[in-house]
Amino acid sequence: MDAFLLAGGTSGRILSITKGKPKPLIKIKKKTLLERNLKWIMSYGIHNIWINLHFKPNMIKEEVKKINPESKINFSFEKKLLGTAGAIKKVEKKLSQNFLVIYCDNLLSFNLNNFIDFHLKKKSDISIALYSPKRHYFSGIASSEVILSKNSKIKSFIEGKEKLKKINKLVNTGTYLLNKKILKKIPVNKFFDFSLNLFPQFINKKFYGYKIEKKGYCLASDTPETYKKTVEIVKKEKLF
């Protein structure tokens, strides 16, 4: 199983915290989000990892050297951002049949083995790990609302919401498992986004939502306010 970490975005909305660094280099309890996510992935035996680069790529590379993981870290540089799905398409031929995708600017923790088992048992094309602000730690912003059928198929996926209408909605963690065959839906060398361009094509198909366990969490740090809330939650709940 391979993994692809999306780390190419800029840090415009949280510049007062990042001080111009890429968002994955934000620190929480003296550890960057990139370090936390790499070590989380590798703790499940996933060592062939790709990271896309765009904004200040050398900073990301230097951080990987400091972390010094016993794994094969591959980099994919994008002179012009290709979007979340376009970034994956760029290295399509080098990925395993099923692979993990993670948005590297979130603080994440849940059982990846259970998520992988779910994806394989469902024979899913796309599986998304989901959390509920009602049951999980919540930093204040959720950019999606997901509705599942009884068999966990995704029948509605709405992206772009800053605030939830209902607190019991399921929310995208930014962690996906993909079957490689779906990459044929993504154009080559063009900007293409998972949430806006790819996922709508799979509604009510082999597109499943996995509810993370109660002790799991996804804490966003998209703004100074959510970053501060995340730091408060981590300190109060002693998450790591």
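Select K39 and E35 to begin: their side chains meet in a salt bridge, with N and O 2.9 Å apart. A salt bridge is defined here as a side-chain nitrogen of Lys or Arg within 4 Å of a carboxyl oxygen of Asp or Glu. The model is predicted, so local features need pLDDT of at least 70 and side-chain atom pairs count only at pLDDT 80 or more, while totals for chains, interfaces and linings use all residues. Residues are numbered from 1 along each chain as its sequence is written, and side-chain values use heavy atoms, with hydrogens and water left out.

**Helix α2**

Now display helix α2, residues 33–42, where K39 and E35 are four residues apart, a separation of about one helical turn. Helices are DSSP runs (H or I, at least four residues), numbered from the N terminus. Is E35 buried or exposed? E35 is buried, with a relative accessible area of 14%, whereas K39 is partly exposed at 42%. In these terms, buried means under 20% relative accessible area, exposed means over 50%, and partly exposed lies in between (1.4 Å probe, protein chains only).

**Helix α3**

Select E62 and K65 next. These two residues form a salt bridge in which the closest N and O atoms are 3.7 Å apart. Both belong to helix α3, residues 57–67, and stand three residues apart, about one turn of the helix. E62 is partly exposed, its relative accessible area being 41%, and K65 is exposed at 60%.

**A further pair and a network**

Move on to E92 and K89, whose side chains meet in a salt bridge with an N to O distance of 3.0 Å. With a relative accessibility of 21%, E92 is partly exposed; K89, at 12%, is buried.

Then select K23, D105 and D222 together, for these residues are linked in a network of salt bridges. In total, the structure holds six salt bridges. Side chains of opposite charge can pair when their charged atoms come close.

Notes: Helices (H or I, at least four residues) and strands (E, at least two) are DSSP runs, numbered from the N terminus.
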